[in-house]
Every structure is written in structure tokens, then in C-alpha cells.
Amino acid sequence: MIAIETKNLTKSFGSHRAVDRVNLSIEQGEIYGFLGNNGAGKTTTIKMMTGLLTPTEGSVRFFGKDIRKSRQEILKRIGCIIEIPGFYGNLNGQENLEIYLRLRGVTKRKAIEDTMELVGLDPKDMGLVRGYSLGMKQRLGIARALLNQPEILILDEPTNGLDPSGIRNMRKLLRKLAKEQHMTLFLSSHILTEVEQLADRVGIIHNGKLIDEIALEGLRDQGAEYFEIEVDRPAEALRLLETELGIFDFSVKADNRIEVFDAQDQIANVNKMLVANKIEVRQLIRKSMSLERHFVELTGGERRI
Amino acid sequence: MKQLKLEFMKLKRSPLILLSILGISIVPLLMGAVMPKTTDGLEGVTFAGFIEDVQMVNLMIMGILMFGLITSYTYSKEFEEDTLKSTLAIPVRRSRLLLDKFIVVFAWVLGLLLLNVLEVVVIAMIFGLSGLNLSAFLTAVGISIRDTLIFMPLLTPIMFVTLLVRKYVAGIVFSITVVVVNIVALSSEVYYAYYPYTIPLFLAGPVPEDMVLSIPLSVVILGTTGILGAVGSLVYFQKMSV
């Protein structure tokens, strides 16, 4: 069953198209990574998905229902964090969650303790939220999003402000939620490794356009797809690769490095041939076609991620 | 009702509660402090007269400043604390949110005006002012409720400005401007009956005989101001991108 679907979702601010005809289709129980540089259109997309922004064009559907027509009904089944979560600084964590619990009409007060413990916050901590670190606010934000045991969890940069162990725990928690509760996760991030380690499928958004969708399982299966050699005379090495071994699919990098594609079975031959031709081989590394490489290629080499 | 309770809960430990109490208390305290030093002393000062003076100052200056600040704070809090995104991403009706906050403002304003009455009672007892009895006290309470009701329509434009600018300082600037215009309007014997923010003074005070016919028009202007502010806020808030 399709949990989230967007059709030609577009948002323009004046003449600027922040989101441009984005089509998404996310299955129930799937972990979908929404990857893009800062300003690519991730948050705008999420805001339209949750009804906070009205799309200029297109539609958003959850469980087959349009968010504009069935907003109240849909929002009951969703939990979300958008950007850095805001809280009432004059209240403590429990009191903040109580407000959202009651607004959602959930009467089970134990849900507050349960979700706080789940995200690694002490429910007995009576400290006011204004004294919380960014990481603690992020955890509290996730606790808030989980209060109603949502079927879909939409998280915008969920590891913002978390320390490395916090990130690890968060990853574990999100995996658990997807696996045990069959929760659909829509995870937006500009951090490649975060998405790579969690998502089943990744959508890459760039300048407001969804430029690619990749099933990460497939990408991982491709394994070592190319190798990199570092030599003293790259121009000579390239000529030899073409004339001696008939290898034409390569790219020249900085620092005398050459990336060679579709020639995994020739690694030993390449090494032997270069050495025989008195080319100094300083390094020869087998590499996998990672999401990072794919992303950089698609977004035109922007390595801000 | 549950949602309304939550709006009150959001104000827990809010420093503005204490500040507003201190702020509104200044009027009767200052007037009480200077009372014995006036040329006539306490002679001829009654409880009813004293509370009328306090309420007039509230209607003209202190009230609009304090109630403007309260309105602005209540509505801007969600923007300042960045909680609106989370609140509106759950099944909450925007119109309900606006209304509940307005009820909070109403209760807050009424509470402060009633506190003023209690303070005047204490001051009247200290100075032994004449005319302090249950009937006068109940009249003063009634006037506080009336003043609150008169004031509420005037707070909707402040609500609108706050939603528009998303900062509580907008409401403060608006209130200060209103007070300045109030002073100018009051210098005119005619216009103060038609300028929305001096209408409460016109309606609450002794209306000159030649202006009795202006009362219905003043009420219409007051109501129209309130409706315009409320409708503007509602329409804007419903369509507002967060």
C-alpha cells in the first residue's frame, strides 16, 4: 500500500521555484531518505506534505487521501519534526509533551514517560526546556512526534545537534520503529552517511527537482564497481590503458589519480602492465560506487554534503 | 475546553504574568500615594470617585499598553518559541487556536482589572475613604467587566499586527502609537467619540449632553474595529504559511 504520494508537487516563491514538480511514491513500512544540499527544497517539500505550506501546484496524498481535503484525519496518523523543534521554554519536557498529547486527544499519560525513555530522556527531569541542549531538544522533538504512535514518521534533519552516540542510538531507534511497528519513515537529511545507513530508498533533490531515486540495496549490491590508481605519470598511464588493455572508461582526478570503471577483472593486469612499462604505481584501491559518488555526480560535483 | 486549558498551561512560569500584575498595580498605587499630598487632601475623595479615576487612566494609557503587550505576547509566543509548526502539524484547527488565545487574553485582562478593584479597596480602607460598601464594590466589579468587554474589540487589531509581523514588539509599537494618538484625539472634544481607542473613555465617562446622539455611532465604530481585526486575523492566519 502506498503511504505517501506526491504528484507534481511545486512551490514557487515569486519567480523562484523552491520545489519543482516532485513526484514521490513511498510504500508503507519503507524507510525513504530524502537527500539534498541545504536549500535544495527538502523542508519546503515536508511543509507542503504536512499542510503547513500550500503548494503552488500538485498534490500530496497519504493513504490515498488528499492532505488538503482530509488534513485533520491524516495528521492523526502522522508524527513529524520540521527543522529544529521548538518548545515552550518556560515548561519542562514532560509539560511540553503533555500539551501536545492533549492536543492530539490522547489520554494515556504514560505515553509521555514511554516516549521520553524511548529517546533517551529522563522523564523525571524537571529542568525547563529553555535549558536543554540542541541534542536534548531534538530527542524531545522525536518523542513528541512519537506520542500518538504514528503510522508515518516524517523527520526533517533528525540528527541535528546530536552527538555521535546520540546519532547511533537514534539510528537504532528509527530502525526498530520501522521494523517492529512497521512504521513508514520519511527522513530528510543533507548528511549522506545518515541516509545511506538507514534508508531503503533514497530520493535526491537538487534545486527543487527530484533528480534521482535509488534503491540502496541495489547500490550496495553493485559493490566494487571501479578502482583507483595513483601513478607518477598519469598521461602515459592513460595511453597505455587504452593501447595495451583496451580500457577506455576512466576519469582523471587530481593528484595523479585515475579512476577506472568496468574493469574489475583487469586489476591485476593493469598493475602488471603499468609496472612493466616502468610506471610507478603508488596506490591501487578497489572502490565501491557509493551514494556519495552518485550524489556528487548528479548534483554537479557539489561536495558540500 | 481541553484546548483552552492548554493555552493557560502554556503561560505557566511566564514572567509576563508577574510583570503585568506589577504594571497594572502601579496606577492605583501611584494615585494612592499622591492622594494625601494633593491640595484638597483626602477631603471629598470617595471610593467610587477613586476607582473611576483609576479606570480612566487604565482606559486611556495603562490599559492599552498592558493589554496590548499581553495580546501581543500571547499570539507571538508560538512564533517566538517556534512551536507553531509543531502545533499546526497535528490535528488542530487554526481558528480554534486563535479563539482560545483570545479567551486567555480576555481572562487575563479581566483578572488585572479586578485586581485593580481589590487594590483600590485596600487603599480606600487604608485612607478611610468614604463610600466603601458592598454595593460600591459590586458596582466597581461590574465596571471592570464592562471595561474588559469594551476593550476586547480593540485588541483584535493588535492580534492582527502580531500575526503579521510575528514578533511581540509589533504589538508594543502599535500600542504606544495608539496611546500617542489617544492623547491627540482627547484634545478634541468631538473626535474622541469616534477614534476607536478613545471610544472606551467616551463611553465610560460622563457623556456631554450635546454628544449623546454620538453613542450609537461610537459603538458601531468600536464593533467594526473589533470585527475587522478579528476577521483579518482569522483570514490571514488560515492562509498563513508557517
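Q: How do H3(B) and H7(B) run relative to each other, roughly parallel or roughly antiparallel?
A: In this predicted model, they are roughly antiparallel, a label for angles over 145 degrees between N-to-C directions. The axes, which are lines fitted to C-alpha atoms over the stretch in contact, cross at roughly 160° and come within 7 Å. H3 covers residues 47–80 of chain B and H7 covers residues 168–186; helices here are DSSP runs (H or I) of at least four residues, numbered from the N terminus.

Q: Nice! And which residues of H7(B) make the contact?
A: Among them are Tyr168(B), Gly171(B), Ile172(B) and Ser175(B), and on H3(B) the partners include Leu59(B), Met60(B) and Glu80(B). Contact means heavy atoms within 4.5 Å.

Q: Switching to chain A: is Thr115(A) buried or exposed?
A: Thr115(A) is buried, with a relative accessible area of 7%; buried means under 20% and exposed over 50%, using a 1.4 Å probe and protein chains only. Thr115(A) sits in helix H4, residues 110–118.

Q: What does its side chain reach?
A: The side chain of Thr115(A) reaches the backbone oxygen of Ala111(A) at 2.8 Å.

Q: What about Ala237(A), where is that?
A: Ala237(A) lies in helix H9, residues 234–245 of chain A, and is buried at 0% relative accessibility.

Q: How are things numbered and counted here?
A: Residues are numbered from 1 along each chain as its sequence is written, and chains are lettered from A in the order in which they are written. Local features need pLDDT of at least 70, side-chain atom pairs count only at pLDDT 80 or more, and side-chain values use heavy atoms, leaving out hydrogens and water.

Notes. Axes are lines fitted to C-alpha atoms, for helices over the stretch in contact, and angles run from 0 to 180 degrees between N-to-C directions. Helices (H or I, at least four residues) and strands (E, at least two) are DSSP runs, numbered from the N terminus. Angles under 35 degrees count as roughly parallel, over 145 as roughly antiparallel, 65 to 115 as roughly perpendicular and the rest as oblique. A polar contact is a pair of N or O atoms within 3.5 Å; within protein, one must be able to donate a hydrogen and the other to accept it, and residues adjacent in sequence count only if both atoms are side-chain atoms.
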